[in-house]
Amino acid sequence: MIIFAFLVIHWYVSLFFQSVFHHRYSAHGIFTMSKTWEKIFYVGCFLAQGSSYISANAYGKLHRLHHAHTDTPEDPHSPQNSANALMMMWQTRNNYIDVYTGKTFVDERYTKNLPDWPAFEKFVHNFYMRFIWIAIYTLFYVQFATEWWMFLFLPVTILMGSIQGVAVNWWAHKFGYVNCKMNNTSKNILPIDVIFWGESFHNNHHANPQNPNNSIKWFEFDSGYQMMRFLNKIRVIKLKPYQVVA
């Protein structure tokens with residue numbers, strides 16, 4: 001029971017930081033926050049994502065490239081460029097590393113106003129820290145797993161952030177429904193999204209990427225947007241004004 005509770009909590013907390021901080025703040029600048037809160041979110045990302053921690057700065061660049069080159073050979077994570085989900089995960093990983101290390105040149109128009117904390121990332125974004133997290137997760141499973149098959153979920157824990165990324169970026173360009181006709185394969189995975197913090201409304205998001213609310217239809221519910229509204233209300237962040245593009 002403890003293992004399953006941990007998996008659920010880990011899923012939602014990790015995805016919260018990837019959705020709200022990495023995606024909506026870093027990549028799209030949907031809201032602003034103080035440098036102090038930005039650093040708190042950096043630390044929160046590290047604690048939540050653990051061995052699958054990714055740089056908000058590099059993620060922002062990678063995701064902006066995705067929007068600029070959706071479904072083309074220059075798209076860093078498109079199912080159109082991969083034979084299957086696992087291959088896309090691997091290619092995304094390689095493209096991410098190339099962006100993070102500077103091996104891939106990223107035009108200045110995709111690098112503006114990104115969060116950046118080099119000293120922190122030098123400490124946490126390395127093989128040794130990932131190994132420490134893997135060891136912590138393994139010890140946790142040894143302590144609390146009551147059946148051998150529970151260890152089958154250990155790789156999910158280790159790769160949590162990557163799995164969440166491929167779940168949206170693969171499925172949402174393969175399966176689902178479309179609200180907005182576009183020149184790409186983006187789709188909405190779930191009519192009611194209680195799993196992905198509103199990230200499953202991918203077609204809606206591609207149509208209006210600066211919109212803080214990914215939901216359009218009356219039955220769609222973007223929990224990430226509701227969380228941002230709450231954080232805005234308590235003055236942790238400040239949502240930017242936005243007018244929906246028809």
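A residue counts as buried when its relative accessible area is under 20%, as exposed when over 50%, and as partly exposed in between (1.4 Å probe, protein chains only). The model is predicted, so local features need pLDDT of at least 70 and side-chain atom pairs count only at pLDDT 80 or more, while totals for chains, interfaces and linings use all residues. Residues are numbered from 1 along each chain as its sequence is written, and side-chain values use heavy atoms, with hydrogens and water left out.

The protein has 10 helices and 2 strands; helices (H or I, at least four residues) and strands (E, at least two) are DSSP runs, numbered from the N terminus. Of its 246 residues, 49% are buried.

A salt bridge is a side-chain nitrogen of Lys or Arg within 4 Å of a carboxyl oxygen of Asp or Glu. The whole structure holds 4 of them, including these:

| Pair | N to O distance |
|---|---|
| E199 and R24 | 3.2 Å |
| D222 and R24 | 2.9 Å |
| K35 and E38 | 3.6 Å |

R24, E199 and D222 form a network of salt bridges. Each of its members is buried: E199 at 9% relative accessibility, R24 at 2% and D222 at 1%. D222 sits in the loop between α9 and α10 (223-233) and R24 in helix α1, so their pair ties together parts 198 residues apart in sequence.

K35 and E38 lie 3 residues apart in helix α2 (residues 35-49), separated by about one helical turn. K35 is exposed, with a relative accessible area of 56%, whereas E38 is buried at 4%.
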